[in-house]
Amino acid sequence: MEAVGWIAAPIISELFKECSNYLRFDASKKLRQLGPKVILLERAIQVFEKIPDRARLEQLFVDLKIALYEAEDILDDVEYHCLEKKIQDGKFKCNGGASPRKRDWLKNKVRSASLSSPSENKVMVKYDGGVSQRKRDWLKNKVQSASMSSLLKNKETGMSKNNLKASLEKIEEIINSAYEFLDQLNLPSLSDGNGIQPVPANSAVAATTSIPPKVVIGRDKDCDKIIAMFHENKGVVNTNNDLCYTVIGIHGIGGSGKSTLAQLVCDREKKNKQEKGNDHFELIMWVHVSQSFTVSAILEEIFEAATRSSCPQLNNLSILHDKLAEVLYGKRFLLVLDDIWYNGEDDRKREELQQILSPLKAGRAGSKILVTSRTKGALSVLGAAEPRCIPISNLDDDVFLDLLMHYALEGTNIDVYARRRLKAIGTDIAKKLNASPLVARTVGGRLGRRPNAEFWSTVKNGKLLDGTISAALLWSYHHFDQQARRCFAYCSIFPRRHRLYRDELVNLWVAEGFVRSTNEGEEMEDVARGYFDELASNSFFQPGGMDYSDKEYYVVHDLLHDLAEKVSGSDCFRIENGSRWIIDLWRGKDPRGEGWRGDIPQDVRHLFVQNYDQDLIIEKILLLKNLRTLIIYAVRGSVQVKEEVIDSIFKKLPKLRVLAIALSQERHALVKNQDELSVPESISQLRHLRYLAFRTSTRCRVILPSTVTKLYHIQLLDFGRCEKTEFVGGDLINLRHLFSCPKVNRSISNISRLTSLQTVPFFTVRKEHGYEISQLRDLNKLHGKLCINGLENVKSKAEALEANLAAKEQLTMLMLDWESNSDRDDATDCNPEVQAEVLEGLCPPVGLETLEIGHYNGSWYPNWMVSKQNGGPWYLQELWFDGCSQLRSAPVLEAFVHLRSLRVWNCSWDALPGNMEHLASLKKLEIHKCLNISSLPTLPQSLEEFKLVQCNGEFMESCQKVGHLNWQKIKHIPMKRWKFV
């Protein structure tokens with residue numbers, strides 16, 4: 001029953017309200033009738049095991065879920081026809097200056113337009129008759145005065161509205177049937193006084209955006225023991241003298257803290273290396289293995305952990321083996337293999353584990369491999385001797401209580417008496433948590449949101465925490481609101497310990513329709529980030545580290561992944577066709593006939609496939625008529641994505657909202673072994689589509705049909721590293737995110753209509769209609785990074801002001817580049833006075849964090865940079881000048897008092913800014929290839945790092961010569977780096 005737990009009052013309420021805009025019924029009246037019944041159904045879910053004839057009730061809930069999905073799809077059709085008619089009639093106007101509230105009002109009027117049009121009366125559907133004739137006449141006059149009387153197609157919209165009416169009636173019928181069934185049972189547990197009360201979504205403290213630091217309590221003794229094994233020179237030795245490494249293992253049940261202990265050990269070693277210069281281990285690497293893995297994937301991760309760079313695309317496993325051995329050769333390393341699964345009877349798994357160890361033999365003597373596993377047998381398979389198999393110790397009661405109270409009350413401002421009282425109650429709660437550190441984090445985080453004795457006592461006396469780990473995690477899950485629960489359950493489609501990136505997950509949640517914004521002007525992405533942060537602060541998402549490109553990722557603990565699978569039911573499914581099938585590809589074999597052979601639930605809505613398999617798509621996936629999500633994670637080896645297969649997906653899976661081919665962040669998992677990927681014209685049949693990703697390599701051209709402009713609901717387009725595609729998106733008025741390389745962005749025209757855009761990393765100004773800098777004027781929802789190239793084509797300050805950069809308050813990074821001053825073949829001259837005027841007009845928003853100015857050759861620097869009273873980016877953290885060619889001193893940076901990093905590359909300046917000593921927050925200064933600089937100004941005492949690369953030889957030598965004036969100005973800086981030509 002947990003799988004239908006997201007079907008709750010807020011979701012049903014939102015659906016009925018949206019439908020009322022089209023079907024002209026009184027939503028509030030209808031919800032007053034249904035609301036108490038739905039709340040009773042929510043209580044029934046919580047006490048489901050106590051209800052007689054549970055099978056009948058469960059079927060009613062399943063029917064209700066199906067009906068809700070159907071209603072959402074029909075409502076989506078109605079909205080699609082509305083958007084189509086607006087665009088075809090040319091009635092859509094970009095009103096960037098209108099407030100979000102005004103735009104929402106207009107949107108509702110647009111939805112209602114067809115209901116009052118005389119030409120629409122033949123297809124108008126009346127639901128409940130809750131609107132008076134007078135009100136209908138008033139609404140009719142309003143709509144007609146706004147010239148919106150014919151926005152919906154008669155035939156198509158009329159059919160959709162009839163279907164919508166029938167769908168709502170079906171939902172109401174199921175709710176009434178379930179209510180009558182429960183009412184007849186007259187169960188005391190369903191009454192208000194049963195002590196089981198759902199926690200309202202707004203009863204908790206607002207979710208913080210900061211994730212609590214991982215605190216390790218009670219593991220110091222275990223940590224010291226393992227570190228001693230790392231550095232011992234005598235005692236138990238390897239039975240095989242040929243091995244350069246020793247294996248040490250930690251074993252224990254899930255959620256007992258094995259990975260946390262291993263991470264503590266790694267952190268201590270890294271800290272010793274940084275602070276004490278202890279270079280015992282030249283490389284410290286962490287790789288998560290998990291239950292389903294491939295040898296190639298693990299070796300690639302070890303390679304990336306060792307080199308901090310992406311693993312190159314290789315043709316077979318032997319070459320990868322040799323490459324990794326070459327990287328490790330002669331180096332003493334510490335490698336953590338986290339979460340190894342082995343049942344003792346799987347000979348193939350044993351062989352694969354041995355293959356992982358093979359290239360590690362190239363390391364230097366004294367290397368160590370630290371393994372964590374639920375079973376001791378897995379450690380033995382990898383070569384851990386008995387004395388080095390360490391069982392995770394149980395935390396004693398007092399230590400476990402301290403851990404629980406830390407996650408519950410750390411940073412909470414309450415008085416001493418209240419803290420003592422809560423600790424007394426927490427003592428009893430802790431006894432129910434099975435001494436699991438994972439449960440302490442999740443339950444403690446939830447308790448901390450309501451730090452009052454009444455709530456804690458309810459938890460202590462309740463039966464939801466019954467002493468099992470799974471029950472405690474389920475209790476924590478039920479305290480999130482319905483939308484956050486639905487978002488978490490969705491994560492079950494990803495494999496265990498899959499790397500989850502915050503923004504990527506947020507965009508998927510929004511596209512799936514899991515996120516609702518109720519506050520005026522609040523973006524759905526902001527709401528979704530709030531859900532993510534709340535889940536993370538309660539340890540449902542845990543920090544996993546940084547990938548090779550320094551992007552932070554998160555993981556879901558295995559026990560929480562089990563919970564996600566349980567609560568998602570048959571809605572979510574994943575196909576992990578990544579072991580023997582992908583090994584055949586690496587070895588150059590034809591994998592056809594050897595693919596995944598399992599069964600897929602026919603009612604699945606969200607599907608993840610680890611590797612592209614044409615036969616799997618044709619034989620199984622195309623049969624899933626209700627599928628909303630198809631994520632194919634990687635396209636590996638020599639596999640090609642054929643147009644006819646994509647065409648079949650478009651035609652056979654019309655309910656898709658998310659379609660992603662090669663979603664992986666790895667370069668070698670992109671669509672690459674073909675010169676072009678042709679997208680069929682049938683893409684226009686995906687009327688519900690919100691998220692489309694065809695992520696290709698640089699060599700693969702994506703050919704988009706003109707019908708892509710029919711995707712009126714589309715929110716996100718992602719072309720990966722593709723450099724060759726043409727894109728005209730003026731009709732895609734709901735597009736919010738566009739990901740592609742700079743060359744693709746050069747071909748995007750007329751984006752001024754796309755006022756919902758939040759992400760468009762690159763924009764190039766050209767001397768053509770549709771590419772003017774004024775195209776950016778109304779795109780004031782832009783977030784994150786924006787690079788503007790081709791500024792040589794902007795000819796005045798007035799023209800630059802048309803970009804309206806100061807109004808783009810969500811930008812955090814801005815790059816301004818004059819390509820005419822670079823080494824491009826098509827470079828043209830640009831007057832220095834004009835450049836100066838243009839830069840003056842490109843004043844960034846106040847909250848900008850990073851600014852890069854490239855190839856600027858203006859006669860002066862703008863007031864917003866050199867004057868304190870400027871209205872410019874007051875909180876700027878990082879400033880980068882690249883290729884600025886004025887033969888004069890650098891600008892005086894009066895405005896940037898919060899600056900922390902200054903980088904000067906390839907500039908012709910003869911001196912750095914003269915006021916640098918007043919930049920009291922500056923931590924880092926880098927100077928690269930600036931040949932005219934010969935002396936340093938007085939530098940601030942705050943500097944922690946100074947880097948000098950390929951500058952004037954005498955200048956570089958003087959900075960290293962003790963007693964020289966330049967040396968005296970940098971001698972206080974702890975970290976100094978040099979690189980000569």
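Which residue's backbone oxygen lies 3.0 Å from a polar atom of the side chain of Lys258? The residue is Ile253, and the legends below start with its surroundings. The model shown is predicted.

**View 1**
Lys258 lies in helix α8, which spans residues 258–275. With a relative accessible area of 8%, Lys258 is buried, because a residue under 20% is counted that way. Two backbone oxygens lie beside polar atoms of its side chain: that of Ile253 at 3.0 Å and that of Gly252 at 3.1 Å. Leaving aside neighbours within four places in sequence, the residues in contact with Lys258 include Ile250, His251, Gly252 and Ile253. Thr372, Ser373, Arg374 and Ile392 are also among the contacts of Lys258. Val371 is 113 residues from Lys258 in sequence, while their C-alpha atoms are 9.4 Å apart in space.

**View 1. An open sheet of five strands.**
The strands of this sheet pair in parallel and follow the order β2-β3-β4-β1-β5. Its edge strands, each pairing on one side only, are β2 (283–290) and β5 (389–391). From one strand to the next, the twist averages 15 degrees. Within the sheet, β3 (residues 333–340) and β4 (residues 367–373) are joined by five bridges in the parallel sense. Leu334 has Lys368 in β4 as its bridge partner.

**View 2. Helices on the five-stranded sheet.**
Which strands does helix α7 touch where it packs on the sheet? Helix α7, made of residues 220–231, touches β1 (245–251), β3, β4 and β5. The direction of α7 makes about 150 degrees with that of β4. Helix α9 (residues 295–307) lies across β2 and β3. Relative to β2, α9 runs at about 155 degrees.

Strand β15 covers residues 716–720. Five of its five residues are buried, so the strand is largely enclosed by the rest of the structure. In a regular strand, side chains alternate between the two faces of the sheet. In β15, Leu716, Asp718 and Gly720 point one way, and Leu717 and Phe719 point the other way. Strand β13 (residues 691–696) runs parallel to β15 and is joined to it by four bridges. Thr696 stands opposite Gly720 of β15. Strand β16 (residues 737–739) is also parallel to β15, with three bridges between them. The bridge partner of Leu716 in β16 is His737.

Trp509 and Phe532 form a tilted aromatic pair, with 6.3 Å from centre to centre and 45 degrees between the planes. Trp509 belongs to helix α19 (residues 502–512) and Phe532 to helix α20 (residues 524–537), so the pair ties together parts that are 23 residues apart in sequence. Are the two residues buried or exposed? Trp509 is buried at 0% relative accessible area, and Phe532 is buried at 0% relative accessibility. The structure holds 22 aromatic pairs.

**View 3. The ring pair of Phe946 and Trp978.**
The ring centres of Phe946 and Trp978 are 6.0 Å apart and the planes meet at 70 degrees, so this pair is edge-to-face. Phe946 is in strand β24 (residues 945–949) and Trp978 in strand β25 (residues 975–979). The pair thus links distant parts of the chain, 32 residues apart. Phe946 is buried, with a relative accessible area of 0%, whereas Trp978 is partly exposed, with 28%.

**View 4. Cysteines without disulfides.**
How many disulfides does the structure hold? The number is zero. For Cys572, the nearest cysteine sulfur is that of Cys491, 8.8 Å away. Cys572 is buried, with a relative accessible area of 11%. For Cys959, the nearest cysteine sulfur belongs to Cys951, at 8.6 Å. Cys959 is in no disulfide, because a disulfide requires two cysteine sulfur atoms within 2.5 Å. At 1% relative accessibility, Cys959 also counts as buried.

Conventions:
Residues numbered from 1 in each chain as written. Predicted model: local features only at pLDDT ≥ 70, side-chain atom pairs only at ≥ 80, totals over all residues. Heavy atoms only, no water. Pairing = 2+ DSSP bridges. Helix = DSSP H or I, 4+ residues; strand = E, 2+ residues; numbered from the N terminus. Axes fitted to C-alpha atoms, helices over the stretch in contact; angles between N-to-C directions. Contact = heavy atoms within 4.5 Å. Buried < 20%, exposed > 50% of the residue type's maximum accessible area, 1.4 Å probe, protein only. Polar contact = N/O pair within 3.5 Å; in protein donor to acceptor, adjacent residues only side chain to side chain. Phe/Tyr/Trp six-rings, centres within 6.5 Å; stacked < 30°, edge-to-face > 60°.
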